[in-house]
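Here are some notes to read alongside the model, written as numbered points.

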Amino acid sequence: MIIEPRMRGFICTTSHPKGCEQNVKNQIEYIKSKGPIAGAKKVLVIGASTGFGLASRITSAFGSDAATIGVFFEKAPSEGKTASPGWYNSAAFENEAHKAGLYAKSINGDAFSNEIKRQTLDLIKADLGQIDLIIYSLASPVRMHPVTGVLHRSVLKPIGSTFTNKTVDFHSGKVSEISIEPCSGDDIENTVAVMGGEDWGMWIDALKAENLLAPGATTVAYSYIGPSLTEAVYRKGTIGRAKDHLEATAFAITNSLADIDGKAFVSVNKALVTQASSAIPVIPLYISLLYKIMKEEGIHEGCIEQIQRLYQERLYTGNEVPVDESGRIRIDDLEMRADVQEKVAKLWIEAVTENLSEMGDLEGYRKDFYNLFGFDVEGVDYKADANEVVNIESIA
Ligand code: NAI
């Protein structure tokens with residue numbers, strides 16, 4: 001069928017299999033162009049189908065010839081109904097990995113559940129024996145707790161007082177003021193339960209208990225800090241509390257892996273357009289100004305460039321992994337450069353609807369957003385008939 005983008009609020013309800021495939025191929029080409037990375041050979045990626053997790057899977061497979069198992073939660077296609085983009089991405093990834101002679105299998109389901117953990121452990125046991133790198137890259141609005149059965153919902157709210165600032169509707173380009181009421185009740189606890197480190201710890205405990213971690217195994221989860229402009233709604237808001245918890249969990253995991261000389265890291269990544277970040281108020285305006293400045297300076301990166309640098313210049317240099325004073329890996333270094341932030345802060349004050357398309361990179365933002373769903377990708381013929389029913393080879 002002919003597949004077109006169909007928008008509902010901040011999400012696109014359709015996705016294009018050919019566009020997603022092209023995106024994956026472009027990322028693979030990028031990794032190949034950067035040369036081999038002396039990284040892990042058996043890798044589990046939790047949250048492997050989009051954004052930073054997909055980039056991690058691609059970097060491991062095509063940078064280090066790694067066998068990869070990817071876990072994700074995506075909607076399969078049916079006749080006349082497109083899949084979610086992560087499904088098409090994973091189908092394309094597996095095709096390319098298998099063509100290159102690489103082991104790649106995927107598990108589609110709720111990574112927070114005991115069942116999906118069990119399925120993953122059994123697959124590792126049967127096919128890989130032990131793994132040496134676990135990337136934890138989940139972004140989810142909800143988590144059904146596997147022990148209590150409680151359904152936790154995360155919220156993106158400030159803590160303590162109402163936050164008022166500018167935001168942009170990136171579809172219309174309209175800049176307006178938005179007020180976000182502070183969180184209340186159990187909002188913080190719920191957000192920490194969803195996006196904090198408890199589930200990461202559960203995965204590592206489960207893998208270790210069944211002797212599925214190789215000596216020296218490493219695990220990495222992703223975090224964000226960002227500038228003072230966004231801190232009320234991000235780092236000092238409910239999601240920031242979850243990230244504090246995630247970062248503290250890295251130390252607890254490293255302690256628990258002392259006997260196998262294993263290590264857990266949190267990598268602080270750059271702000272990028274993903275399905276997760278486009279839903280946070282204020283962030284799209286920040287990103288569109290940030291993109292403008294970083295592109296002008298020639299230092300703009302997407303997920304794949306970020307993760308390539310994380311592997312090559314942080315994790316696998318042959319030396320100790322460099323971390324900041326809080327023990328975190330930083331690949332948000334270019335975003336947080338003082339000159340970049342000063343310029344963004346200046347533009348922030350001046351940005352209004354009338355000048356944003358020139359002052360900010362609204363076009364770049366929109367393009368990245370459409371690209372997430374496989375639209376507006378160069379080299380794809382959107383007028384041609386596309387088969388929406390695409391299978392992921394390893395999923396029965
Ligand atoms: P994303 O939305 O592109 O990817 C989320 C992944 O999690 C997908 O593979 C999805 O299938 C999977 N997933 C969600 N719920 C699941 C569930 N219940 N079971 C199994 N899989 C599930 O998100 P993105 O942006 O790549 O985020 C990944 C991590 O990176 C998050 O921790 C996020 O906070 C962090 N990060 C994101 C930044 C950004 O600007 N986008 C910046 C810095 C860090």
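Helices and strands here are DSSP runs, with helices of at least four residues and strands of at least two, numbered from the N terminus. Please keep in mind that this is a predicted model.

1. An unreviewed UniProt entry gives residues 2-79 the annotation "domain: Trans-2-enoyl-CoA reductase-like NAD(P)H binding".

2. **The other annotated domain.** UniProt, again in an unreviewed entry, places "domain: Enoyl reductase FAD binding" at residues 323-385. Here the span is 49% helix and 3% strand, and its end C-alpha atoms lie 49 Å apart.

3. **Helix α2.** How do the end C-alpha atoms of α2 agree with the span its 14 residues should have? At 1.5 Å a residue, α2 should span 20 Å, and its ends are 19 Å apart, which agrees. Because 13 of its 14 residues are buried, α2 is largely enclosed by the rest of the structure. Asp65 follows α2 and has a positive phi, near 55°.

4. **A ring pair between α2 and β11.** The whole structure holds 10 aromatic pairs. In one of them, the ring centres of Phe52 and Tyr222 are 5.8 Å apart with the planes at 55°, so the pair is tilted. Phe52 belongs to helix α2 (residues 51-64) and Tyr222 to strand β11, so the pair ties together parts that are 170 residues apart in sequence. Are these two buried or exposed? Buried means under 20% relative accessible area. Phe52 has 14%, so it is buried, and Tyr222 has 8%, so it is buried as well.

5. **Tyr224 and Tyr234.** The rings of Tyr224 and Tyr234 have centres 5.0 Å apart and planes at 90°, so this pair is edge-to-face. Tyr224 and Tyr234 each lie in the loop between β11 and α7, so the pair ties together parts that are 10 residues apart in sequence. Both Tyr224 and Tyr234 are buried. For Tyr234 the relative accessible area is 8%. UniProt places the feature "active site" at Tyr234, in an unreviewed entry.

6. **An aromatic cluster.** Which residues do ring pairs link into a cluster? They are Phe170, Tyr365, Phe369, Tyr370 and Phe373.

7. **The second largest pocket.** This pocket holds about 420 Å³ of space. Of its 21 lining residues, Thr218, Lys263, Ala264, Phe265 and Val321 are the closest to its centre. Which elements each supply at least two residues of the lining? They are β11 (213-223), α7 (238-256) and β12 (263-268). By type, the lining divides into 10 nonpolar, six polar and five charged residues.

8. **Helix α6 and what follows.** Helix α6 (residues 198-209) has 12 residues and reaches 16 Å from its first C-alpha to its last, close to the 16 Å expected at 1.5 Å a residue. Its buried residues are Asp199, Trp200, Gly201, Trp203, Ile204 and Leu207. An α-helix has 3.6 residues a turn, so residues three or four places apart point the same way. Just after α6 comes Asn211, in the loop between α6 and β11.

9. **Positive phi outside glycine.** Asn211 has a positive phi of about 60° although it is not a glycine. With a relative accessible area of 54%, Asn211 is exposed. Asp376 also has a positive phi of about 60° and is not a glycine. Asp376 is found in the segment after α12 (362-372), and at 41% relative accessibility it counts as partly exposed.

10. **A distance across the model.** Leu156 lies in the loop between β8 (151-153) and β9 (163-169). At 29% relative accessible area, Leu156 is partly exposed. How many Å separate the C-alpha atoms of Leu156 and Ala396? The separation is 36 Å, for residues 240 apart along the chain.

How values were computed
Residues are numbered from 1 along each chain as its sequence is written. This is a predicted model: local features need pLDDT of at least 70, side-chain atom pairs count only at pLDDT 80 or more; totals for chains, interfaces and linings use all residues. Side-chain values use heavy atoms; hydrogens and water are left out. The expected span of a helix is 1.5 Å times one less than its number of residues. Buried means under 20% relative accessible area, exposed over 50%, partly exposed in between (1.4 Å probe, protein chains only). UniProt positions are given in the numbering used here, feature names are shortened, and annotations may be inferred rather than shown by experiment. On a 1 Å grid over the protein atoms alone, a cavity is a set of points where a 1.4 Å probe fits but cannot get out, and a pocket is an open set with protein on both sides within 12 Å along at least five of seven lines; lining residues have an atom within 4 Å of a point. Grid points are joined across faces, edges and corners, and a volume is the space filled by probe spheres set on the points. Ala, Val, Leu, Ile, Met, Phe, Trp, Tyr, Cys and Pro count as nonpolar, Asp, Glu, Lys and Arg as charged, and the others, Gly among them, as polar. Rings of Phe, Tyr and Trp (its six-membered ring) pair if their centres lie within 6.5 Å; planes under 30 degrees apart count as stacked, over 60 as edge-to-face and the rest as tilted.
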